[in-house]
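Opening the notebook on this one.

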Amino acid sequence: DDGVFLRGDVPMTKQEVRAAVLAKLAVRDGETYWDVGAGTGSVSVELSLLAPRGRVCAVECKGEACALIRANRERFGTCNLELIQGRAPQALADLPAPDGVFIGGSDGELFPILQAAVEKNSAVRVCLTAIAVETLGAAAAALTHLGMEPRITQIPGARRRPAGGLHLMLGQNPVWHSTVTRGAVGWRW
């Protein structure tokens, strides 16, 4: 549940979106994952819990967010979660080849982040989220430029809110997922 994470004012990938991200990444124990633009570390923590013998690299450049990632790592006891404080794509240079990459934030560096992941592992599974149409367009363009054909889905959301004796559904930002997986015989999705 979102309420179990320490958050502050840092953006966090919501529970419903995290569940879809984890499914799209097809998380497997023993693999290596990057969470780029990790925010509070909610996706990193979930990756770490699902792959306890794996390695999870949370990449984040903002100080407040890094403090929250450390606190959430401690809170959940995820020893396989490593925080890399720095700006991507530069912070990705010394990371191990990823089996899966989640991009929750790119600060306008989406293409070089994707390029770094593909250069380290041409069969990498990628999932990125976008709430802005411009980010979705940049993601589609970057993936296409790298020779990939993204699968784009939108997840609308609503959460219950009490209103007197009734319960209303309060709309949340719709989130787009763009995913791509490359196997030994070409791209599949």
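**Entry 1: charge pairs**

I started at Lys 62, which is partly exposed because its relative accessibility is 47% (my cut-offs: buried is under 20% relative accessible area, exposed over 50%, partly exposed in between, with a 1.4 Å probe and protein chains only). Housekeeping before going on: this is a predicted model, so local features need pLDDT of at least 70 and side-chain atom pairs count only at pLDDT 80 or more, while totals for chains, interfaces and linings use all residues. Residues are numbered from 1 along each chain as its sequence is written, and side-chain values use heavy atoms, with hydrogens and water left out.

Which residue does Lys 62 meet in a salt bridge? I found Asp 107, at 3.9 Å from N to O (a salt bridge is a side-chain nitrogen of Lys or Arg within 4 Å of a carboxyl oxygen of Asp or Glu). The pair links distant parts of the chain, 45 residues apart: Lys 62 sits in the loop between β2 (55-60) and α3 (63-76), Asp 107 in the loop between β4 (100-103) and α4 (110-120). Helices here are DSSP runs of H or I with at least four residues, strands are runs of E with at least two, and both are numbered from the N terminus. Asp 107 is partly exposed, with a relative accessible area of 45%. Salt bridges with shared partners join Lys 62, Arg 87, Asp 107 and Glu 109 into one network.

I count 9 salt bridges in the structure. Another one pairs Glu 31 with Arg 125, at 2.4 Å from N to O. Glu 31 is in the loop between α1 (15-25) and β1 (32-36) and Arg 125 in strand β5 (residues 125-130), so the pair ties together parts 94 residues apart in sequence. Both Glu 31 and Arg 125 are buried; for Glu 31 the relative accessibility is 14%. Glu 31 also forms a salt bridge with Arg 28, whose closest N and O atoms are 3.5 Å apart. Arg 28 is partly exposed, at 40%.

**Entry 2: the largest pocket**

I looked up the volume next: the largest pocket holds about 1,100 Å³ of space. Of its 49 lining residues, Pro 11, Thr 13, Gly 104, Gly 105 and Thr 129 are the closest to its centre. Method note: on a 1 Å grid over the protein atoms alone, a pocket is an open set of points with protein on both sides within 12 Å along at least five of seven lines, and lining residues have an atom within 4 Å of a point. Grid points are joined across faces, edges and corners, and the volume is the space filled by probe spheres set on the points.

Which element gives the largest share of the lining? Strand β6 (residues 151-163) does, with 5 residues. By class I get 24 nonpolar, 15 polar and 10 charged residues in the lining.

**Entry 3: helices and who touches whom**

In α2 (residues 42-50), I noted Ser 42, Val 43, Ser 44, Val 45, Leu 47 and Ser 48 as buried. Their cover includes α1, β1, β2, α3, β3 (81-85) and β4.

Arg 18 belongs to helix α1. Is Arg 18 buried or exposed? Buried, with a relative accessible area of 1%. Leaving aside neighbours within four places in sequence, Arg 18 is in contact (heavy atoms within 4.5 Å) with residues including Asp 1, Asp 2, Phe 5, Ser 42 and Glu 46.

On α4, the buried residues are Leu 110, Ile 113, Leu 114, Ala 116, Ala 117 and Val 118, and they pack against β1, β4, β5 and α5 (133-145). Glu 119, also placed in α4, is exposed at 63%.

I checked Asn 80 too, in the loop between α3 and β3. Asn 80 is buried, at 15%, and its side chain reaches the backbone oxygen of Gly 54 at 3.3 Å.

Most residues other than glycine have a negative phi, and most peptide bonds are trans. Against that, I logged Ala 26 with a positive phi near 50°; Ala 26 lies in the loop between α1 and β1 and is partly exposed at 31%. Asp 107, from the network above, has a phi near 50° as well.

Where is the cis peptide bond? It runs from Ala 88 to Pro 89, with omega near 15°, and Pro 89 is in the loop between β3 and β4.

Key
1 Å grid on protein atoms, 1.4 Å probe; cavity = no way out; pocket = protein on both sides within 12 Å on 5 of 7 lines; lining within 4 Å. Nonpolar A, V, L, I, M, F, W, Y, C, P; charged D, E, K, R; others polar. Polar contact = N/O pair within 3.5 Å; in protein donor to acceptor, adjacent residues only side chain to side chain.
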